[in-house]
Amino acid sequence: MKYALVTGGSRGIGKAVCLKFAQMGIPVLINYHSNETAALDVLKCVRSIGGTVDLLQFDVASEKDVSRAIERWEDGHPDDYIAYLVNNAGIRKDNLMFMMPEQDWHDVIDVTLNGFYYVTRKLLPKMMMRRHGGRIINMASLSGLKGMPGQTNYSAAKGALIGATKALAQETASRNVTVNAIAPGFIESDMTKDLPQEELKKLVPMNRFGRPEEVAALVGFLCSDESGYITGEVININGGLYS
Ligand code: NAP
C-alpha cells in the first residue's frame with residue numbers, strides 16, 4: 001500500500017492534511033514531536049471516517065530519531081511504502097534580529113530545513129525506485145518569499161526550503177516524483193493564535209485568516225494524479241495578501 005507521511009500531523013494544518021488523506025482513501029502516518037494527546041485525537045478522527053492510520057513519533061530535527069522511527073515502520077510494513085511526504089512540521093521563534101538568541105536561530109532552521117533534509121533523504125530512494133508517482137510537498141510560507149520583520153530565522157528557513165524544493169524537483173522529475181512547496185499566508189492554528197488577528201486580517205484582501213482545511217485541499221490536489229505535471233512550484237495560499 002502507498003502511505004502518506006505528514007510531519008507535524010498532530011495539530012493545525014498537518015491535522016487537516018491527515019484528514020484530507022483519509023478522505024482520499026490514502027493510509028496516513030501522523031508524525032508528531034511531543035503532543036501525544038493531540039496526535040491521538042487526530043488518530044481517532046481519521047479512524048472515525050474509516051481511514052487507515054498510525055502514529056509515528058519523532059523529532060524531525062534529529063537524524064537519529066527520524067531514521068530509527070522510519071526504519072522501524074518499514075521493518076513492520078515490508079509490502080508498504082511511503083509515496084506521499086508532506087514536510088509540514090514547523091516552529092516560530094520570532095524576534096528582531098539584533099535581539100535573537102543563537103539558539104532560536106538554530107532551532108527554527110533545524111526543524112524546518114534540517115527536518116526536511118533528514119526525512120526526505122530517508123524516503124527518497126524508495127520513492128524514486130518505485131516510479132509510481134511519488135509526491136513531496138514542503139510547507140513553506142509567505143515569510144520565505146517576502147521576508148517578514150521579526151522572523152529572519154523563520155524567513156531564512158522557509159526561503160531555503162523553497163530553494164531546496166526547486167532543486168530537488170529537477171533531480172526527481174525523471175523518476176516521476178514531483179516536489180512542490182506551498183506558501184500559506186495567515187492560517188488559523190496554534191502557531192498564529194497569539195497574533196492580533198483582528199488587526200492583521202485588515203491586511204488581507206479577503207479580510208480573514210485562512211483555514212487549515214483550505215491548505216489541506218491544496219495538498220490533496222498536489223498529491224492527486226491530476227497534478228502529475230506540476231513540479232518545482234511554489235503555490236501561494238494567502239487570501240490575496242501577496243503574489
Ligand atoms: P502548529 O499548529 O503550531 O503545529 C505545528 C506542528 O508541527 C505540530 O503538529 C507539532 O507537533 C509539529 N512539530 C513542531 N516541531 C516538531 C519537530 N521538531 N518534530 C516533529 N514535529 C514537530 O503549526 P501550523 O500553523 O499548523 O503550521 C504547520 C506548517 O505550516 C509549519 O511548517 C508552519 O511554518 C507553516 N505555516 C503556517 C502558517 C500559519 O499561519 N499557521 C503560515 C505559513 C506557514 P506537536 O503537536 O508534537 O508539538
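The stops that follow begin at the ligand and then move to individual residues. Please bear in mind throughout that this is a predicted model.

**Stop 1: the ligand**

Select the ligand first. The ligand sits in the largest pocket. Now display the residues around the ligand: there are 32 of them, and the closest are Ser 10, Ser 34, Asn 88, Tyr 154 and Ser 189. Which secondary-structure elements each supply at least two residues of this shell? They include helix 1, strand 2 (28–32) and helix 6 (152–172).

From Ser 10, a polar side-chain atom lies 2.6 Å from a ligand oxygen. For Ile 13, it is a polar backbone atom that is found 2.8 Å from an oxygen atom of the ligand. For Asn 88, a polar backbone atom again takes part, at 2.7 Å from a ligand oxygen. How much of the ligand does the protein bury? Taken alone, the ligand exposes 890 Å², and the protein buries 95% of that area.

**Stop 2**

Select Thr 7, which belongs to the loop between strand 1 (2–6) and helix 1 (12–23). Is Thr 7 buried or exposed? Thr 7 is buried, because its relative accessible area is 2%, and the limit for a buried residue is under 20%. Beyond its neighbours within four places in sequence, Thr 7 is in contact with Asn 31, Val 60, Val 86, Asn 87, Asn 88, Ala 89 and Val 119.

Move on to Gly 8, also placed in the loop between strand 1 and helix 1. When residues up to four places away in sequence are left out, Gly 8 touches Gly 14, Lys 15, Asn 31, Asn 88 and Ala 89. Then draw a distance from Gly 8 to Ser 34: their C-alpha atoms are 9.9 Å apart in space, while 26 residues separate the two in sequence.

**Stop 3: Tyr 81**

Select Tyr 81, in strand 4 (residues 81–87). Tyr 81 counts as buried because its relative accessibility is 5%. Not counting residues up to four places away in sequence, Tyr 81 touches Met 1, Lys 2, Tyr 3, Trp 73, Lys 126, Met 127, Arg 130 and His 132. Tyr 81 and Asp 41 are 40 residues apart in sequence, and their C-alpha atoms are 24 Å apart.

**Stop 4: Thr 165**

Return to helix 6 and select Thr 165 there. With a relative accessibility of 0%, Thr 165 counts as buried. Residues up to four places away in sequence aside, Thr 165 touches Asn 138, Val 179, Asn 180, Ala 181, Gly 232 and Glu 233.

**Stop 5**

Finally, select two asparagines in loops. Asn 176 is in the loop between helix 6 and strand 6 (178–184). What is the phi of Asn 176? The angle is near 70 degrees, a positive value in a residue other than glycine. Asn 176 counts as partly exposed, at 39% relative accessibility.

Asn 207 lies in the loop between helix 7 (197–200) and helix 8 (212–222). The phi of Asn 207 is positive, about 60 degrees, although this residue is not a glycine. Asn 207 counts as partly exposed because its relative accessibility is 41%.

Methods: Residues numbered from 1 in each chain as written. Predicted model: local features only at pLDDT ≥ 70, side-chain atom pairs only at ≥ 80, totals over all residues. Heavy atoms only, no water. Helix = DSSP H or I, 4+ residues; strand = E, 2+ residues; numbered from the N terminus. Buried < 20%, exposed > 50% of the residue type's maximum accessible area, 1.4 Å probe, protein only. Contact = heavy atoms within 4.5 Å. Near = heavy atom within 4 Å. Polar contact = N/O pair within 3.5 Å; in protein donor to acceptor, adjacent residues only side chain to side chain. Areas by Shrake-Rupley, 256 points an atom, 1.4 Å probe, with all protein chains shown as cover. 1 Å grid on protein atoms, 1.4 Å probe; cavity = no way out; pocket = protein on both sides within 12 Å on 5 of 7 lines; lining within 4 Å. Sits in = over half its atoms within 2 Å of the grid points.
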